Amino acid sequence: MTSVVLSIGSNIGDRLAWLQSVVDGLDGVVAVSPVYETDAWGGVEQGSFLNAVVIAADPTLDAHGWLRRAHELEDAAQRIRDQRWGPRTLDVDIVTCRDSDGEVTVHDEILTLPHPYAQVRAFVLVPWLALDPGATLTIEGQVRAVGQLLGAVDPAERAGVRMTELALRMPNELIG
């Protein structure tokens, strides 16, 4: 059994619908954070993002399986990869993956886990902390509290992550 923390974001089209497509497209969704509106990150001029964090578990997926699933969800959202950190319909990043032995570490040509930038991205840390106040992430071999990592992020970047009134539905919630 593996579980993942996924950071999801969208800034093109029906942003909330694209985020909801991730929740609807995964088996084993355990929890979903509030939805935040965030300033774009990475220095590319573009519109703001909606971001959230999803925790999911699946006994059939390993870390690379989760990456394949993330890419399938992005492909279903017609994600185009023509500009690094550019606008996108959907971005699904694996922040961390855990199996029965604990946090999974991967460093190969297609996947790095834990995510190499998670600890400096308020748009990942804020929703994750809201979802799981006891969350931890291993940075350079040391387990660190997500709250501690967020405290080290530039205050201006933290201020750029704003909670919205929008919400994602868990797969078993009735529309009503």
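This is a predicted model: local features need pLDDT of at least 70, side-chain atom pairs count only at pLDDT 80 or more; totals for chains, interfaces and linings use all residues.
Let me start with a term. Helices here are DSSP runs of at least four residues, numbered from the N terminus.

Take helix H2 as the opening example. Arg-69 and Glu-72 form a salt bridge, and their closest N and O atoms are 2.8 Å apart. Why does this pair sit about one helical turn apart? Because the two are three residues apart in helix H2. In general, an α-helix has 3.6 residues a turn, so residues three or four places apart point the same way. Arg-69 has a relative accessible area of 23%. For Glu-72 the value is 44%.

How many salt bridges does a search of the whole structure find? Five. Let me show two others. Arg-15 pairs with Glu-37, with closest N and O atoms 3.1 Å apart. That one links distant parts of the chain. Arg-15 is in helix H1, Glu-37 is in strand E3, and they are 22 residues apart. Arg-15 is partly exposed at 22%, and Glu-37 is partly exposed at 24%.

Now Arg-88 and Asp-91. Their closest N and O atoms are 3.2 Å apart. Are these two buried or exposed? Arg-88 is buried, and so is Asp-91.

On to the nonpolar cores. The largest has 31 residues. Which of them touch the most other members? Leu-6, Ile-8, Leu-26, Trp-66, Val-92, Ile-94 and Leu-168. Several elements give two or more residues to this core: strands E1, E2, E4 and E5, plus helices H1 and H2. H2 gives the largest share, five residues. So the helix we opened with is back again.

Why call H3 largely enclosed by the rest of the structure? Because eight of its ten residues are buried.

Back to helix H1 for a moment. Gln-20 is in that helix. Gln-20 has a relative accessible area of 7%, and buried means under 20%, so Gln-20 counts as buried. Leaving aside neighbours within four places in sequence, Gln-20 is in contact with Leu-168 and Arg-169.

Last topic: backbone exceptions. Most residues other than glycine have a negative phi, and most peptide bonds are trans. Here are two cases to look at.

First, the peptide bond from Leu-113 to Pro-114 is cis, with omega near -5°. Where is Pro-114? In the loop between strand E8 and helix H3.

Second, Glu-140. It is not a glycine, yet its phi is positive, about 50°. Glu-140 is in the loop between strand E9 and strand E10. Its relative accessibility is 80%, so Glu-140 counts as exposed.

That is the tour. Over to you.

Note on methods
Residues are numbered from 1 along each chain as its sequence is written. Side-chain values use heavy atoms; hydrogens and water are left out. A nonpolar core is a set of buried Ala, Val, Leu, Ile, Met, Phe, Trp, Tyr and Cys residues joined through side-chain atoms within 4.5 Å. Buried means under 20% relative accessible area, exposed over 50%, partly exposed in between (1.4 Å probe, protein chains only). Contact means heavy atoms within 4.5 Å. A salt bridge is a side-chain nitrogen of Lys or Arg within 4 Å of a carboxyl oxygen of Asp or Glu.
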